[in-house]
Structure formats: structure tokens, C-alpha cells
Amino acid sequence: MTDQPKSGDRHQLLLKRLGVTIDAGTLRLALTHRSYAYENGGIPTNERLEFLGDSILGFSVTDALYRDHPDLPEGDLAKRRSAVVSTRALAGIARGLGVGDFIYLGQGERLTNGKNKSSILADTMEALIGATYLSNDIFTARDLVMRLVGPLLADATALGAGTDWKTNIQEISAAENLGQIQYVVDGAGPDHARSFTATLMIGGNAWGTGNGNSKKEAEQEAAADAWKALAARDTSDEGAAAPAGNA
């Protein structure tokens, strides 16, 4: 009980960043990862709130895309929605808000830098959206969603390829005969807090780099970076089939 004032103050800081009000019990539940719950007698986790928030997020983004882009076909709308509601996108939003510092994690997750893992951050963001709905109404929750993802919805480049960046890179490379694809991955740090840097090579040229807490995450970041470089090349006047810095 002695840590409640401190927790309350921290929670108010998070609510200020989110720009919403959430009752104390629901907010704590939204921040309770299963690793913490299991270490504390099997208390409820944020997974049900995550389930609820995921639905609100998906509907809100779909509604906005449908209304704002009346000429886009279903396939393009689906790609844009996937990009905005992806783990990568939600984790980026959570990092910008500093959500990781507020999540209740078990000892194992704390030791492995769980507060910065994309999956945990994305799940917590969805739980916070669900908590906002329960403590207020659907309009408040949808307003929160649009404030969080609005910049992503306005970024046509970021939305162009959906979420499976590695597959998109493979398709582009094959269609344009750019050459062999190779991910060069380096790891650093102790085993319990390992970080990885990936460089995407296409035809012997470096097209993108990425970082992550796993090889998979780093490779996806590198593929996303490369896709943006390829998109920028396609819209340039020169249209050269070589990455910047390799001319």
C-alpha cells in the first residue's frame, strides 16, 4: 500500500501524455503484463483489454480510411490499415509516449528489457485504448486512436507497403531484377539484453538498416528502411536503380 501515492503520480503522468482519463483500477489492469500477473498470484492481466482495444483500433482506422479515401480500392485500404495497426507502428507510438516505463512486468521480462519489446508495447497500447473506452465512451476512445495514429495515416510513404516489409522487398527485387537479397545481422550486449543491427543488401548494395531486440525485428526494420529508399528512388527525376551513397 505504501507505493500507491507514487504509482498514482506516475499514472497521472501517463494519462496526461495520452490526454484521457482512466479510472485507477482499469489503468493498472491495462498496464499489467502477464509476466507480472503470474508472479503475483495469477492476478488478472491486460489481455482482455488488449482484445477490446484491438477491435476499437481496427474499426476506428478503417472508418477513417474509408471516409478520407473514397477512391482507393479495398486492397489499398487494407494495406494502409495493416500498416497503422501493426505491432511496429503501435510500438513506435508507445515508445514516443514512454509507455514502457509504466508497464508492470515480471522479473524475467524486466531483466530482458521487456519494457522496450515491440510486442509488449503494442499490446499495452491496445489495452490502453480498451481501458479508455471502458472508463469513458466509444467517442473518447476513437478520438484517442485518431490522435495516436493520425500522423501515420497522413504519411503516404509509411503506409505504402503494409506490414510485411520483407515480402514487399522480395517482390520489388524480383520484379526489377535488382539482385540477390541478403540480411547482414550483428548482435551486441549481454545475453539477457541483446540488441541487433541488420543491413539489407540487394545486389551487393546496402539499401537499408534497422535495429531491434531480435534478429527478426531488426530485419523488418531494415526492410522498411529499404522500401522507403526504393520508393524515393521511384519518385525521383533520375529514377536511378542504385541506392543513395552508391553512385
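**Entry 1: valine 149 and the cores**

I began with valine 149 and looked up which residues it touches: leaving aside its neighbours within four places in sequence, valine 149 is in contact with Leu57, Val61, Val84 and Ile93. I note here that the model I am reading is a predicted one.

I then looked up the core to which Val149 belongs, and found that the largest nonpolar core has 41 residues, of which Val61, Val99, Met125, Leu128 and Val149 touch the most other members. The elements that give two or more residues to this core are α1 (4-18), α2 (24-30), α4 (47-68), α5 (74-84), α6, α8 (118-135) and α9 (138-153). Which element gives the largest share of this core? I found that α8 does, with eight residues. Apart from this core lies another one, of 16 residues, and I wrote down Trp165, Ile172, Ala222 and Leu230 as being among them.

**Entry 2: the aromatic pair**

Next I looked for aromatic pairs, and the structure holds one. Tyrosine 36 and tyrosine 104 form this pair, which is tilted, with 5.4 Å from centre to centre and 50° between the planes. The pair links distant parts of the chain, since tyrosine 36 is in helix α3 (residues 34-39) while tyrosine 104 is in the loop between α6 and α7, 68 residues apart.

Are these two tyrosines buried or exposed? Tyrosine 36 has a relative accessible area of 18% and is therefore buried, the cut-off for buried being under 20%. Tyrosine 104, at 14% relative accessibility, counts as buried too. I also noted that the charged end of arginine 28 sits over the ring of tyrosine 104, at 4.1 Å from the centre of that ring.

**Entry 3: glycine 98**

I stayed with the loop between α6 (87-97) and α7 (107-111), where glycine 98 lies. Glycine 98 is buried, because its relative accessible area is 18%. I then looked up the separation of glycine 98 from leucine 121, which is 23 residues apart from it along the chain, and found 9.6 Å between their C-alpha atoms.

**Entry 4: the sheet**

How many strands form the open sheet, and in what order? I found three, in the order β1-β2-β3, with antiparallel pairing. β1 (181-188) and β3 (205-212) stand at the edges, and each has a single partner strand, so one side of each is left without a neighbour in the sheet. From one strand to the next, the twist averages 20°.

As one example, valine 184 has threonine 199 in β2 as its bridge partner. Helix α11 (residues 165-176) lies across β1 and β2, and runs at about 145° to β1. I also looked up lysine 166, which lies over the face of tyrosine 183, at 4.8 Å from the ring centre.

**Entry 5: two asparagines**

Asparagine 113 is not a glycine, and yet it has a positive phi of about 60°; its place is in the loop between α7 and α8. Asparagine 177, again not a glycine, has a positive phi of about 50°, and it is found in the loop between α11 and β1.

How accessible are they? Asparagine 113 counts as partly exposed, because its relative accessibility is 29%, whereas asparagine 177, at 69% relative accessibility, counts as exposed.

Technical notes: Residues are numbered from 1 along each chain as its sequence is written. This is a predicted model: local features need pLDDT of at least 70, side-chain atom pairs count only at pLDDT 80 or more; totals for chains, interfaces and linings use all residues. Side-chain values use heavy atoms; hydrogens and water are left out. Helices (H or I, at least four residues) and strands (E, at least two) are DSSP runs, numbered from the N terminus. Buried means under 20% relative accessible area, exposed over 50%, partly exposed in between (1.4 Å probe, protein chains only). Rings of Phe, Tyr and Trp (its six-membered ring) pair if their centres lie within 6.5 Å; planes under 30 degrees apart count as stacked, over 60 as edge-to-face and the rest as tilted. A charge sits over a ring if NZ of Lys or CZ of Arg is within 6 Å of the ring centre and within 35 degrees of the ring normal. Two strands pair if DSSP finds at least two bridges between them. Axes are lines fitted to C-alpha atoms, for helices over the stretch in contact, and angles run from 0 to 180 degrees between N-to-C directions. Contact means heavy atoms within 4.5 Å. A nonpolar core is a set of buried Ala, Val, Leu, Ile, Met, Phe, Trp, Tyr and Cys residues joined through side-chain atoms within 4.5 Å.
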